[in-house]
Amino acid sequence: MSEQDLPAFALLGFGTDGWGRVLVLGAVLTLALSLASMTIGSVLGALLAWARGSRRGWLARLATAYGVIMRGVPELLVVLLLYFGAPGLMAAVAGLFGLPAPGSPPAFLTGSLAIGLVSAAYQAEVFRGGLLAVPKGQVEAALAAGMGPWLRFRRIVLPQVLHHVLPPLGNVWQFNLKDSALVAITGLAELMRVSLVAAGSTRRPFLFFAAAMVLYLALTSLSSAVFRRIEARGSQWAGRR
Amino acid sequence: MTDAIPVLRATGIEKSFGGRKVLKGIDLDAAKGEVISILGGSGSGKSTFLRCLNLLEMPDVGEISIAGTPAPLVRDRHGALRVSDARALGSMRARTAMVFQGFNLWSHMRVIDNVIAAPVHVHGMAREEAVERAHALLERVGMGGFAQHWPRQLSGGQQQRVAIARALATDPELMLFDEPTSALDPERVREVLDLMRSLAAEGRTMLVVTHEMAFARDVSTRVVHVREGRIESMGPPAQMFGPDASPAFRAFLSA
């Protein structure tokens, strides 16, 4: 019996002819890819937000330029640039030190880095807004009490920034998750890639793309539920919103 | 016996904002237990002066010392003052306390956490001890039942009383009040002034920038009139509010 004749549940199931396991593993990889890129984006985004507010003009301009570039080019381009550009770059750097050229970096690494670099540009905006939303008087009260920079940040600024940034970060996360599908082009077996493969090999594109849609929706709605819960817990002091 | 070392000594404080000279050289000493009301029109520089004392504003020129310890300031090569020792600055600020016009309670902390934050995190007091003291202080400012409230749930007067409890929590040597009643509804002003009156009575050293003439006249030990960035006149309230007051201060009072 050819795969085209198999019933949908068998194709999507976990049996010998089923793609269920592959699809679920793809979804797991998508989640891992998104988490990795979100983390990269958070760290770099926080640094960029700090740089934007820096008194050193060149640093602030550099951070602004980064945002303009990363938000102004297609994400797919960044993914391709890193995946195909990285081996050459690595070989050049290795060459400088007289080392042999290393092989291509894994697709997961370049993929999460590419999406993370884009995510950082958006997260920097979010963090910047969050920092500006902390009233000056909150910091002055901390200064007047003799709190040093770390204590001020940890006890006063950070909790308030988190409150302001969680809702927009949830948004960035959702974009991040969807952008991870672009990494399919590098052959990484995340959800988009495996559904493409399954659709091609079974010639049942509608079935598999619909299945992928359901899995993506499950990931996005589950994660926004998680975000809502964290927000609710962290925002008691600000009242309902 | 008088304390030989003043709690505050400020000498030659000058400050400009964008080329406009706001403070043109202010000298002020405060002895232990003094309550000094600083009066003046808007834009006279009185709040800026107060904010220079704990270096929330950096003066361009001048010297400050708190109970004999000079503020850690040095001149950089352009002649501007800058902080020479951030830790010393922190401990100087920790020995003073400030009450703001806008209260500035930390809005993400409950009332009790606002009061214990500096004792625990800046002064290293044990949490249990800090909590116990905080409850006593909240009781003292009439906010005993509000330890678990969030600042946003309180009226302006209540927030300011909590802010005063927070200021008292570190047992400061000098308390700076920056227009503490100016943001309050008229009917709430009284509860804060009464509290400040009781602090004065227990011998706290206080510098109060205010528009409350009754407080200045009845509570303070000295009244300072700041005009155009200088101390125009100062003296005990009986003198300042009496017939021998300076014409400029009388003009300010009648304005």
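**Notes on the two-chain model**

1. Confidence first. Within chain A, the lowest confidence falls in helix α1 (residues 8-12) of chain A, with a mean of 78, while α6(A) has the highest, at 97. Keep in mind that this is a predicted model. Chain A averages a pLDDT of 90, and 98% of the residues score at least 70. For chain B the mean pLDDT is 94, with 99% of its residues reaching 70 or more. As for the complex, the predictor gives an ipTM of 0.94 and a pTM of 0.86.

2. What does UniProt say about chain A? An unreviewed entry puts "domain: ABC transmembrane type-1" on residues 27-227 of chain A. In the model, that stretch is 82% helix and 0% strand, and its end C-alpha atoms sit 19 Å apart. The label "transmembrane region", also from an unreviewed UniProt entry, is listed for residues 22-51, 76-99 and 206-227 of chain A.

3. I looked at two of those spans in the model. Residues 76-99 of chain A are 88% helix and 0% strand, with 31 Å between the end C-alpha atoms. Residues 206-227 of chain A come out as 100% helix and 0% strand, and their end C-alpha atoms lie 31 Å apart.

4. Now the interface. On the chain A side 18 residues are in contact with 21 residues of chain B. Which elements of chain A give two or more residues to this side? They are α6 (136-144) and α7 (149-179) of chain A. By residue type, the chain A side divides into 9 nonpolar, 7 polar and 2 charged.

5. Chain B overall. Its secondary structure comes to 9 helices and 12 strands. The C-alpha trace of chain B spans about 50 × 45 × 45 Å along its principal axes. A compact globule of 255 residues would have a radius of gyration near 18 Å, and chain B agrees, because its own value is 18 Å. Of the 255 residues of chain B, 45% count as buried. If you count the chain B contacts with a separation of 6 or more, residues 24 or more positions apart account for 64% of them.

6. In soluble globular proteins, nonpolar side chains tend to be buried together. Here the largest nonpolar core has 78 residues, and those with the most contacts inside it are B:Ile38, B:Val115, B:Ala165 and B:Leu207. Helix α3 (residues 111-122) of chain B gives the most to this core, with 7 residues. Another core, of 48 residues, lies apart from it and includes A:Phe127, A:Val165, A:Val183 and A:Ala211.

7. Leaving aside neighbours within four places in sequence, B:Leu207 is in contact with B:Ala30, B:Ile36, B:Ile38, B:Leu50, B:Leu174, B:Leu176 and B:Phe177. B:Val111 is found in helix α3 of chain B and counts as buried because 25 C-beta neighbours fall inside 10 Å. Not counting residues up to four places away in sequence, B:Val111 touches B:Leu138, B:Met143, B:Phe146, B:Ala147, B:His149 and B:Val162. B:Val111 and B:Met143 are 32 residues apart in sequence, yet 9.2 Å apart in space, C-alpha to C-alpha.

8. A backbone point. Most residues other than glycine have a negative phi. B:Asn104, however, has a positive phi, near 55°. B:Asn104 lies in the loop between β8 (96-99) and α3 of chain B. Is this residue buried or exposed? B:Asn104 is buried, with 25 other C-beta atoms within 10 Å.

9. B:Glu228 also has a positive phi, near 50°. You'll find B:Glu228 in the loop between β11 (222-227) and β12 (230-235) of chain B. With 15 C-beta neighbours inside 10 Å, B:Glu228 counts as partly exposed.

10. B:Lys32 has its place between β2 (20-30) and β3 (35-39) of chain B. B:Lys32 is partly exposed, with 16 other C-beta atoms within 10 Å. B:Lys32 and B:Leu8 are 24 residues apart along the chain, and their C-alpha atoms are separated by 8.5 Å.

Methods: Residues numbered from 1 in each chain as written. Chains lettered and ligands numbered in written order. Predicted model: local features only at pLDDT ≥ 70, side-chain atom pairs only at ≥ 80, totals over all residues. Contact = placed C-beta atoms within 7 Å. Helix = DSSP H or I, 4+ residues; strand = E, 2+ residues; numbered from the N terminus. Nonpolar A, V, L, I, M, F, W, Y, C, P; charged D, E, K, R; others polar. Rg over C-alpha atoms; globule rule 2.2 N^0.38 Å. Buried ≥ 20, exposed ≤ 12 C-beta atoms within 10 Å, placed from the backbone. UniProt positions renumbered as here; feature names shortened; annotations may be inferred. Core = buried A, V, L, I, M, F, W, Y, C linked by C-beta atoms within 7 Å. pLDDT = per-residue confidence, 0-100.
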